[in-house]
Amino acid sequence: MGASVTSRSLLLAFSVQCLTWGGVAALRPVDGDEGYYLMAARLVLEGGVPYRDFFFPQMPLLPYVYAAWLELLGASWYAGRALSVLLAATLGCLLFRHVLRV
């Protein structure tokens with residue numbers, strides 16, 4: 001299997017996943033965890049530090065990733081969901097690439 005076929009396959013997999021997860025993100029109701037992530041990102045944007053200034057039971061890097069994203073696109077549910085879609089599609093492509101290699 002050539003490199004171009006793999007690149008095309010990955011691009012197709014990424015596109016299909018973005019469309020799929022984007023549809024899910026656009027149609028499903030807001031979840032409590034989403035609000036918690038966005039609140040943590042807002043607190044980081046305001047200078048807060050997880051575990052010191054507010055309780056955050058998830059991995060410590062996540063509020064900073066969401067805060068940087070929300071700083072670029074503006075703090076909204078849709079911006080937060082767009083990042084979640086991109087992260088899910090990226091993880092799916094990494095898994096797809098691994099499966100192709102194995």
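Modeller: This is a predicted model. In it, 17 residues line the largest pocket, and Arg28, Glu34, Arg81, Ser84 and Val85 are the ones nearest its centre.

Biologist: How much space lies in the largest pocket?
Modeller: The largest pocket holds about 340 Å³ of space.

Biologist: How do the lining residues divide into nonpolar, polar and charged?
Modeller: The lining has 10 nonpolar, 2 polar and 5 charged residues.

Biologist: Let me take up Glu34, then. Where is its place?
Modeller: Glu34 belongs to helix H2.

Biologist: Is Glu34 buried or exposed?
Modeller: Glu34 is buried, because its relative accessibility is 16%, and the cut-off for buried is under 20%.

Biologist: What do the side chains of Glu34 and Arg81 form?
Modeller: They meet in a salt bridge, with a distance of 2.6 Å from N to O. This pair connects distant parts of the chain: Arg81 sits in helix H4 (residues 77-101) and Glu34 in helix H2 (residues 32-45), 47 residues apart. The two side chains are also joined by a polar contact of 2.6 Å.

Biologist: And Arg81, buried or exposed?
Modeller: Arg81 is buried, as is Glu34. Both residues also belong to the group nearest the centre of the largest pocket.

Biologist: How many salt bridges does the structure hold?
Modeller: The structure holds 3 salt bridges. Besides the pair of Arg81 and Glu34, there is one between Arg42 and Glu46, whose closest N and O atoms are 3.0 Å apart. Another joins the side chains of Arg52 and Asp53, at 3.0 Å from N to O.

Biologist: Why can such side chains pair?
Modeller: Side chains of opposite charge can pair when their charged atoms come close.

Biologist: How exposed are Arg42 and Glu46?
Modeller: Arg42 is partly exposed, because its relative accessibility is 42%. Glu46 is exposed, with a relative accessible area of 56%.

Biologist: And what of Arg52 and Asp53?
Modeller: Arg52 is exposed, at 61% relative accessible area. Asp53 has 44%, so it counts as partly exposed.

Biologist: A change of topic, to the backbone. Which residue has a positive phi although it is not a glycine?
Modeller: That residue is Tyr51, with a phi of about 75 degrees.

Biologist: Where is Tyr51 found?
Modeller: Tyr51 lies in the loop between H2 and H3. Its relative accessibility is 47%, so Tyr51 counts as partly exposed.

Biologist: Finally, the cysteines. What is the count of disulfides?
Modeller: The count is 0 disulfides.

Biologist: Is Cys93 buried or exposed?
Modeller: Cys93 is buried, with a relative accessible area of 10%.

Conventions. Residues numbered from 1 in each chain as written. Predicted model: local features only at pLDDT ≥ 70, side-chain atom pairs only at ≥ 80, totals over all residues. Heavy atoms only, no water. Salt bridge = Lys/Arg side-chain N within 4 Å of Asp/Glu carboxyl O. Helix = DSSP H or I, 4+ residues; strand = E, 2+ residues; numbered from the N terminus. Buried < 20%, exposed > 50% of the residue type's maximum accessible area, 1.4 Å probe, protein only. 1 Å grid on protein atoms, 1.4 Å probe; cavity = no way out; pocket = protein on both sides within 12 Å on 5 of 7 lines; lining within 4 Å. Points joined across faces, edges and corners; volume = space filled by probe spheres on them. Nonpolar A, V, L, I, M, F, W, Y, C, P; charged D, E, K, R; others polar. Disulfide = S-S within 2.5 Å. Polar contact = N/O pair within 3.5 Å; in protein donor to acceptor, adjacent residues only side chain to side chain.
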